[in-house]
Amino acid sequence: MGFCQEFEVMVHTSPGPTCGTFNRLRLSLIGSQGETPPVTVNDGHHLLPGSVLVRLQLEVQTGFPNVDWHCNRVELRQRVKGQEPRPNGSDTQVFLCDKWLRTADGDVELRSGKWCVFIEGAPQCVDLKSVSDLGPNLSYKHIPSIDMHYLRGFTSRAEPWSSFSELETAFAFSGHQNNIAFVKAHWMEEWYFGHQCLNGCNPLLLRRTHLIPPNLAVTSDMLRPFLPADSSLEEELQRGNIYLLDYKLLDGLEGNQINGKQTYLSAPLCLLHLNQRGQVVPIAIQLQQTPGPQNPVFLPSDPSCDWLLAKIWVHSADFQGHQLVSHYMRTHMMAELCCIATLRQLPEHHPLHQLLMPHIRTSLQINMQARASLLAANGTFDQLQAVGSGLKTIPEILRRASATIHYRSMCVPDDLLDRGVDKLPHSFYAQDARKIWDVLYFVLGWVQLYYRGDKDVQNDSELQNWITDFPPCFQTEAEVSKFVTMVIYSCSALHAAVNFSQLQLDFALWMPNCPAAMMRPPPQAKGAVTEQDILSFLPDINSTNRVLMTLTVLSQPGVDFVPLCHYREAVFKFDDHCRLLDKMQAELQAITDDITERNRHLELPYTYLCPSDIENSVAI
């Protein structure tokens, strides 16, 4: 069994006058290498290192009545020879309970909610080895994948696509026919490139700039042909009409190996202009961060294949950042962080525990499965599959992203304002996201039902312990409400925007519009690229299909799909709760009606963020 450490166990009964019991409490400690036999809590015991679980059982004591017991928590402290355990020290694990236990319940298991480091420098994750360890309350089932048998027929072909016609034939039976037809028809057009920056799978990166980055080698004369005749680059910058995409997170990173071939990553800088038609269009693309003669700036006036290839490189870079940062880190990892903190710090009866858990409870299973498959050795992002960023680059991308994402960027009103996209005429993500955020700020009403003012917030020790797992601190009702709104939005509406748009709106299904890898290095000169050359840059046939089948799985909702702000749990129990819920649902329905009416007058064949299609929590 190995070397045994000695531990001290402290069992805390809740302070209520009826919380005690005559019953005998039996306790087992379960570790990574085994468990102790059940012992009475006032007996000494030993434990192997690595305990993550406490098992409790009440037994009727002969001659005494069978009285239920309310357990507050169990604390486990490791003993070091010659030293006394330190109360609340780093050697203490806390197993929260805060519930009534009965002899009829049998075994009751408590978890410590320990953190685990998946990637150094990135957000932490749950410390469990198997999805089965989650139990039924933190698990879910998803709808089986759509049958992609038309694509499966290409899995043995490890060669490039022969022509764009072959690509079109292969995808004739895939996707939502109206949507993919629209994407295929417009993916090379300038306005549609900008439209996807605002409303595509990754609407979180475009940013207004008033200064040209010093490492972007453009000049006013170079860009003059693409600006209004009576204006200049300097004037357009001053007016706030110049926008930037910067993929510096990928700078200097090595590409993956796919089908035994080296792939390549670039870190483009892309300059866009808000033209007089209200469209955001690209006007300059530099494929690497360091300017120089072998890193030219591509322009709309260049040969058409050069300019198209430059835009494809931007889309490929966007795929890497979208999947790992906008999707995995900003929605899935945020949900997991909040879920673990809630299980660790907030008892089940706490109003924020009740409000948050329907939005975050599925995140542990989803993320554990992702780390065991998509992000694992031989997974989709690894060398045997199909994505340009492999296991060597994923940790660095997540570390770099963790250092740059801040609280304001997670809050919709602040983020849209800071990036200067809040009032763009065709920014449908911004319009819809702001409306949904405002409705989700019903959280303020929920908080005010339980707190009589800011002083109550400051005096809620459970709330303050909860927020210690995150960067901010809470002093006011408004601060609590904004943070909780951010969590709910990230786990529902933002996840819907960056995940389900991939295939349900077919942005990613037409592969040249969203290549997961590039098979040749970025061009170092202009004028040498043909249409056939472009095809040789794109992922191989089997690689394309592996990615699309994976994205299809990711885009499936859960079996127990619950629309945004509809709750199967008994969260809204009282009249005040129900009035708040009714108001919120009515406002979301009004947004759905407005979006439906807006889209009737658009040429685009889809909606963006429609509340009725948004799931309460992260799905896949």
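Modeller: Helix 7 gives the most to the lining of the second largest pocket, with six residues. Keep in mind that this is a predicted model. Helix 7 covers residues 304-345. Three other elements each put at least two residues into that lining: strand 13, helix 10 (394-404) and helix 12 (412-419).

The pocket has a volume of about 660 Å³. Its lining counts 26 residues, and the closest to the centre are Leu204, Leu205, Asp246, Leu249 and Thr404. By class, 12 of the lining residues are nonpolar, seven are polar and seven are charged.

Strand 13 spans residues 242-246. It belongs to an open sheet of five strands, ordered 12-13-16-17-18, with antiparallel pairing. Strand 12 (207-208) and strand 18 (297-298) are the edges, each pairing on one side only. Two bridges join strand 12 to strand 13, in the antiparallel sense. At one of these positions, arginine 208 has tyrosine 243 of strand 13 as its bridge partner.

Two helices meet this sheet. Helix 4 (residues 190-199) packs on it and touches strand 13, strand 16 (269-274) and strand 17 (280-286). The direction of helix 4 makes about 95 degrees with that of strand 17. Helix 7 lies across strand 13, strand 16, strand 17 and strand 18. Helix 7 also runs at about 95 degrees to strand 17.

The structure holds six cavities of 30 Å³ or more. The largest cavity has a volume of about 190 Å³. It is lined by 17 residues, with Gln196, Cys197, Asn202, His315 and Asp318 closest to its centre. Helix 4 and helix 7 are the elements that give two or more residues to this lining. The largest share, four residues, comes from helix 7. The classes here are 10 nonpolar, six polar and one charged.

Among the residues lining it are Leu204, Arg330, Met410, Asp415, Tyr429 and Tyr489. Leu204 also sits among the residues closest to the centre of the second largest pocket. Helix 11 (407-410) and helix 12 each give two or more residues to the lining of this cavity. Helix 12 gives the most, with three. Eight of the lining residues are nonpolar, one is polar and two are charged.

One further helix pair is worth a look. Helix 8 (residues 351-360) packs against helix 14 (residues 443-450) at an angle of about 155 degrees, with the axes 10 Å apart. Helix 8 is therefore roughly antiparallel to helix 14. From helix 8, Pro351, Leu352 and Leu355 make the contact; from helix 14, Val443, Trp446 and Tyr450 do. The residues of this contact divide into six nonpolar, no polar and no charged.

To recap the part you asked about: helix 7 gives six residues to the lining of the second largest pocket.

Note on methods
Residues are numbered from 1 along each chain as its sequence is written. This is a predicted model: local features need pLDDT of at least 70, side-chain atom pairs count only at pLDDT 80 or more; totals for chains, interfaces and linings use all residues. Side-chain values use heavy atoms; hydrogens and water are left out. Two strands pair if DSSP finds at least two bridges between them. Contact means heavy atoms within 4.5 Å. Axes are lines fitted to C-alpha atoms, for helices over the stretch in contact, and angles run from 0 to 180 degrees between N-to-C directions. On a 1 Å grid over the protein atoms alone, a cavity is a set of points where a 1.4 Å probe fits but cannot get out, and a pocket is an open set with protein on both sides within 12 Å along at least five of seven lines; lining residues have an atom within 4 Å of a point. Grid points are joined across faces, edges and corners, and a volume is the space filled by probe spheres set on the points. Ala, Val, Leu, Ile, Met, Phe, Trp, Tyr, Cys and Pro count as nonpolar, Asp, Glu, Lys and Arg as charged, and the others, Gly among them, as polar. Angles under 35 degrees count as roughly parallel, over 145 as roughly antiparallel, 65 to 115 as roughly perpendicular and the rest as oblique.
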